[in-house]
Amino acid sequence: MFGLIWLIPAIPLASFAILATLGSRLPARAVAALGVGSIAGSTAIAIAVASQFLQMQTPVTQVLWTWIHVDGFRPEIAFYLDALSVLMTVVITFVSLLIHIYSVEFMRGLEGYSRFFAYMNLFVASMVTLVLANNLLLLYLGWEGVGLCSFLLIGFWYQDPNNGAAARKAFIVTRVGDTAMALGLFLIFSSLGTLDIQEAMRRAGGQWSVGSGIAIAASALLLGGAVGKSAQLPLQTWLPDAMAGPTPTSALIHAATMVTAGVYLIARTHMLFLLAPPIQSAVAILGTATMLMAGFSAMTQSDIKRVLAYSTMSQIGYMFLALGVGAWSAAIFHFMTHAFFKALLFLAAGVVIEALHHEHNIHRMGGLRRALPIAYWPFLIGGSALAGLPLITAGFYSKDLILAQTLNASARLWTVGILGVLLTSFYTYRLIALVFFGDMRTPVTRTFGAAIRIPILVLALLSIVGGFANVPDFLRTALPVASESHTAEVASGMAAAIAFAVGLCFAYLFFIRRPDVAQAIARNPAANALGRLWHAGWGFDWLYDRVFVRPVVWLADAGKRDFIDSISSGLADLSAAANRALSDTQTGQLRWYAAGIAAGSLVFVAIALFL
């Protein structure tokens with residue numbers, strides 16, 4: 001069965017090639033069958049491989065061929081299977097399959113149906129390649145593949161200039177982190193002589209000392225790549241705008257691909273971060289800061305998808321916090337539960353948006369709990385998992401494990417994490433209250449079939465039972481085991497439950513029981529100004545526009561008429577003049593053509609005789 005590992009990324013890649021070349025000529029049913037069937041095949045193989053791995057519990061490497069062989073540099077097209085890559089692959093393929101099934105009905109009848117599934121298949125193939133790669137170069141290929149696909153899918157409806165701008169923003173901002181990561185790979189190879197991940201980690205542990213400059217530099221550069229892909233400070237600005245893409249795209253980016261790539265990268269190269277304690281601490285600090293920043297911003301958003309986007313940034317912040325304090329398995333556990341409930345929330349949000357004829361503003365919604373039960377109950381389950389409803393939802397168990405292990409490492413970071421629980425509970429139930437309670441402001445205009453209902457119901461179930469999986473124990477062979485304390489776990493769990501309850505009570509008070517209180521607070525000048533700041537993402541777009549964008553645009557405008565442009569313009573003018581001269585020879589008179597042929601023949605004969 002392990003011999004089939006290569007098919008997991010190969011099948012959706014082949015489907016992408018077929019849909020990209022022939023998709024526009026295929027009927028919609030054939031497009032859907034190819035798009036969904038390829039992911040179903042990958043999922044089936046991933047589950048079969050995982051079942052066999054559970055019996056052996058030993059890492060497996062599958063080498064297909066040598067990619068490059070130049071002066072000792074010999075990366076391979078090869079895949080590495082251990083507990084970490086098994087878990088990631090199964091979650092990615094299964095959640096992606098549900099999103100693809102949902103997309104069959106959601107995207108039906110829209111322009112670019114085959115193009116959409118081609119992009120989605122390539123997205124999954126790239127992400128699976130990323131997590132299965134046995135060397136950093138192949139990982140980087142998958143890394144750039146998901147970046148390309150995010151650009152294509154965010155700007156899928158490219159006729160709208162705003163969508164194109166959002167796609168370019170995502171591509172450019174993440175390129176900053178990708179450049180840092182590429183430099184990190186150069187540094188690792190030049191120092192360790194290999195890009196094979198397991199071998200590089202072994203050599204780093206033997207050759208680099210803890211706190212050495214090269215270990216700090218390499219891990220800092222990899223962290224740069226991680227914060228870009230996972231939308232953490234200071235490269236987080238692209239993610240809210242990425243909501244311009246179709247809703248299934250948002251679900252795929254946030255739940256199963258792209259934003260979790262940075263978490264995987266740090267977990268996979270954890271040895272480098274253990275050798276660089278200052279950078280590992282920076283991971284925790286950046287995650288905590290992003291968690292708070294995104295939590296406050298989510299409280300003020302009016303677009304249902306942007307609220308969920310900020311919640312993703314916040315939850316990835318929890319994963320970074322876990323990685324930074326050495327709770328490696330807890331971070332991956334939260335990745336899994338987050339994939340379930342965040343995919344559920346986006347797909348349920350898509351139902352709400354479509355049912356209200358593309359309405360995104362939560363202040364124009366309301367009263368949908370009876371009109372749209374297919375959205376209300378799954379959204380309530382997913383939102384409760386996001387907020388961490390104690391003892392019932394999957395999100396509580398994974399987040400509680402992060403907080404408990406954070407308490408063992410740092411009381412300050414733990415305190416901020418508990419505050420994050422309160423914020424998450426508040427903005428989640430604010431969203432639920434505004435969308436599903438109160439008076440109905442926009443009528444429901446659409447019903448939904450099984451292709452949309454079934455994935456939502458499956459994800460709702462997983463958002464409850466997923467927390468009972470013993471993921472940390474499964475990952476013991478792949479990641480270091482963090483210290484545990486039963487006392488800390490109980491104390492942290494109780495504090496998290498209290499914070500959850502406080503956030504829920506405030507949301508109920510302000511948005512169901514006494515909405516006039518929230519309105520009065522919003523009218524306060526200081527609160528209003530603070531709300532605008534949070535709504536604008538703390539002004540990062542404003543800052544980056546003035547520090548980076550405007551100077552570059554000014555330099556481009558200033559250089560429009562410099563001597564460099566005159567060179568290219570001169571070449572263009574010369575080509576145009578030559579074209580006009582040759583055009584003048586086309587007189588349409590046969591005798592001139594015959595004379596030209598004869599003259600040319602004489603010239604060639606003369607050259608042959610006298611030279």
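Predicted model: local features only at pLDDT ≥ 70, side-chain atom pairs only at ≥ 80, totals over all residues.
**Backbone stops**

Most residues other than glycine have a negative phi, and most peptide bonds are trans. The following stops depart from that pattern.

Begin by selecting Leu233 and Pro234, which are joined by a cis peptide bond with omega of about 0°. Pro234 belongs to the loop between helix H8 (213-229) and helix H9 (238-241).

Next, select Gln57, in the loop that lies between helix H2 (28-56) and strand S1 (60-66). Gln57 is not a glycine, yet its phi is positive, about 60°. Because its relative accessibility is 30%, Gln57 counts as partly exposed.

Then move to Leu391, in the loop between helix H17 (373-387) and helix H18 (394-409). Leu391 likewise is not a glycine and has a positive phi, of about 70°. Is Leu391 buried or exposed? With a relative accessible area of 60%, Leu391 is exposed.

**Cavities**

The whole structure contains two cavities of 30 Å³ or more.

For the largest cavity, select Trp328, Ser329, Ala330, Leu401, Gln405, Pro472, Asp473, Arg476, Pro480, Val481, Ala482 and Glu484, which line it. The space inside is about 90 Å³. Helix H15 (328-355) provides the largest share of this lining, three residues. By class, the lining has seven nonpolar, two polar and three charged residues.

For the second largest cavity, with a volume of about 40 Å³, select its lining residues, among them Ala387, Phe396, Lys399, Asp400 and Ala497. Which element gives the most to this lining? H18 does, with four residues. The lining divides into six nonpolar, one polar and two charged residues.

Notes. Residues numbered from 1 in each chain as written. Heavy atoms only, no water. Helix = DSSP H or I, 4+ residues; strand = E, 2+ residues; numbered from the N terminus. Buried < 20%, exposed > 50% of the residue type's maximum accessible area, 1.4 Å probe, protein only. 1 Å grid on protein atoms, 1.4 Å probe; cavity = no way out; pocket = protein on both sides within 12 Å on 5 of 7 lines; lining within 4 Å. Points joined across faces, edges and corners; volume = space filled by probe spheres on them. Nonpolar A, V, L, I, M, F, W, Y, C, P; charged D, E, K, R; others polar.
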